[in-house]
Amino acid sequence: MKSLRAINTLLFTALASLLLASCGKTVKCESVDIIPRPISVEKLDGTYKLKLAKGENWNTAIGKIQVVTDKTLGEEAYVLSISKGGLTIVSSTPAGAFYARQSLRQMIPAEAITDKKVTAVVLPC
């Protein structure tokens, strides 16, 4: 009877550890300090949580962000829009979209890159 209880306790502990590890950790982007400095930054109320899918890294997550073409923008210009509903990149060329993704990468806190338990970053709108 004692050995059965010990096995149950061990199984419960293992399962609880797996569940806690799979929950992940969330970090917050505290500031929008990106280089080169944008022409303008407009902060709105709210936040958006950028999450990693299973097996994903930050580069693949950022690579899947919707890109909208607007030919009225300059060749390397972009608009990076963060709202409660998601992220959108507006650019006229692939170069503009590339620079928008680079700016977004700079907003990901270093902890999110180095700590494999981090599965989400909260970004300001």
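A residue counts as buried when its relative accessible area is under 20%. With that in mind, let's look around this predicted model.

Figure 1. Starting at the N terminus, the elements follow the order α-β-β-α-β-β-β-α-α-β. Of the 125 residues in the chain, 29% are buried. The chain exposes about 8700 Å², and 59% of that area comes from carbon and sulfur atoms. Now think about who touches whom: among contacts with a separation of 6 or more, 59% are between residues 24 or more positions apart.

Figure 2. Is serine 103 buried or exposed? Its relative accessibility is 4%, so serine 103 counts as buried, as the cut-off for that label is under 20%. Which residues does serine 103 touch, leaving aside those up to four places away in sequence? They are Ile34 and Tyr78.

**Figure 3. A look into the largest pocket of the model.** Rolling a probe the size of a water molecule over the atoms shows where empty space is left. In the largest pocket, that space comes to about 760 Å³. Its lining is made of 26 residues, and those nearest the centre are Pro38, Ser40, Tyr78, Val79 and Leu80.

**Figure 4. The lining of the largest pocket, residue by residue.** What kinds of residues make up this lining? There are 17 nonpolar, five polar and four charged residues. Strand 4 (78–83) supplies at least two residues of the lining, and so does helix 3.

How values were computed: Residues numbered from 1 in each chain as written. Predicted model: local features only at pLDDT ≥ 70, side-chain atom pairs only at ≥ 80, totals over all residues. Heavy atoms only, no water. Buried < 20%, exposed > 50% of the residue type's maximum accessible area, 1.4 Å probe, protein only. Contact = heavy atoms within 4.5 Å. 1 Å grid on protein atoms, 1.4 Å probe; cavity = no way out; pocket = protein on both sides within 12 Å on 5 of 7 lines; lining within 4 Å. Points joined across faces, edges and corners; volume = space filled by probe spheres on them. Helix = DSSP H or I, 4+ residues; strand = E, 2+ residues; numbered from the N terminus. Nonpolar A, V, L, I, M, F, W, Y, C, P; charged D, E, K, R; others polar. Areas by Shrake-Rupley, 256 points an atom, 1.4 Å probe, with all protein chains shown as cover.
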